[in-house]
Amino acid sequence: MKLTLDELNRVAACPECKAPLVLEWGVTAECSSCGARYAWMDGTWDFTPSDWQPEGEWKTWETLQANGLVSYTMDPNNNLSMDERPAIAAFGRFCDFRGLVLDVGCGPQAWPAYFTDYAEGTRFVGIDPLIENGQARYTQLRGLGEHLPFHAGSFDRIIFATSLDHFVDPAPVLLEAARTL
């Protein structure tokens, strides 16, 4: 279910200047337009902009991420949509997964329980600042919803399963989602 390198290269863009990126497995990516570099890290890339800090809200953002990591670690079944509760299955059906789907704030789990009931040929991509490696069953990238590393119009569906409460200001994240949809 992971994207091939060719598929990933069709949608990859510099999260800072939005210029096309050329990715190679195992190699740090460098933007030919602005020179930004994105490190390869054990199976995926870290697309977090090197100088990113939300205006005046950095400490709050760091606290939100730390709290998320604690909840993922201490109670993963209730915080990562890993079990098959009826509400999670209903959410998956509601999403009507088809085409190329982006899960913003996907969390570090290998396969969310809401990735059920999807049309044949559906492909999933997840982005989250807490991704540590590329060992999930679908393509996961480390990055920020405020700076999505994708071209405009790359995705058929974009979801925020349980992540909008993890953003200090969701407006820039929603604008990025609209741009890439």
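Which residue forms a salt bridge with aspartate 96, the closest N and O atoms being 3.0 Å apart? The partner is arginine 157, where a salt bridge is a side-chain nitrogen of Lys or Arg within 4 Å of a carboxyl oxygen of Asp or Glu. The model is predicted, so local features need pLDDT of at least 70 and side-chain atom pairs count only at pLDDT 80 or more, while totals for chains, interfaces and linings use all residues. Residues are numbered from 1 along each chain as its sequence is written, and side-chain values use heavy atoms, with hydrogens and water left out.

Helices (H or I, at least four residues) and strands (E, at least two) are DSSP runs, numbered from the N terminus. Aspartate 96 also forms a salt bridge with arginine 98, with 2.8 Å between the closest N and O atoms. Aspartate 96 is partly exposed, at 32% relative accessible area, and arginine 157 is partly exposed too, at 24%. Here buried means under 20% relative accessible area, exposed over 50%, and partly exposed in between (1.4 Å probe, protein chains only). Arginine 98 has a relative accessibility of 39% and therefore counts as partly exposed.

In helix 4 itself (residues 86-95), the buried residues are Ile88, Gly92 and Cys95. Viewed down the helix axis, these buried residues fall within an arc of 65°, so they line one face of helix 4; the arc is that of the directions from the helix axis to the C-beta atoms. Pro86, Ala87 and Phe94 are exposed on the other side of helix 4. The cover over the buried residues of helix 4 includes strand 8 (157-159).

In total, seven salt bridges are counted. Another of them joins the side chains of lysine 18 and glutamate 176, at 3.0 Å from N to O. Lysine 18 sits in the loop between helix 1 and strand 1 (29-30), whereas glutamate 176 belongs to helix 5, so this pair ties together parts 158 residues apart in sequence. Lysine 18 is partly exposed at 27% relative accessibility, whereas glutamate 176 is buried, with a relative accessible area of 9%. Next in helix 5 comes leucine 175, which counts as exposed at 63% relative accessibility. Between leucine 175 and glycine 145, the C-alpha to C-alpha distance is 9.5 Å, although 30 residues separate them in sequence.

The interior can be described through its nonpolar cores, each a set of buried Ala, Val, Leu, Ile, Met, Phe, Trp, Tyr and Cys residues joined through side-chain atoms within 4.5 Å. The largest nonpolar core has 28 residues, of which Leu21, Leu23, Leu102, Val104, Val125 and Phe150 touch the most other members. Helix 1 (5-11), strand 5 (100-104), strand 6 (123-128) and helix 5 (170-180) each supply at least two residues of this core. Strand 5 gives the most, with three residues. Apart from this core lies another, of 15 residues, among them Trp111, Tyr114, Phe115 and Ile131.

How values were computed:
Contact = heavy atoms within 4.5 Å.
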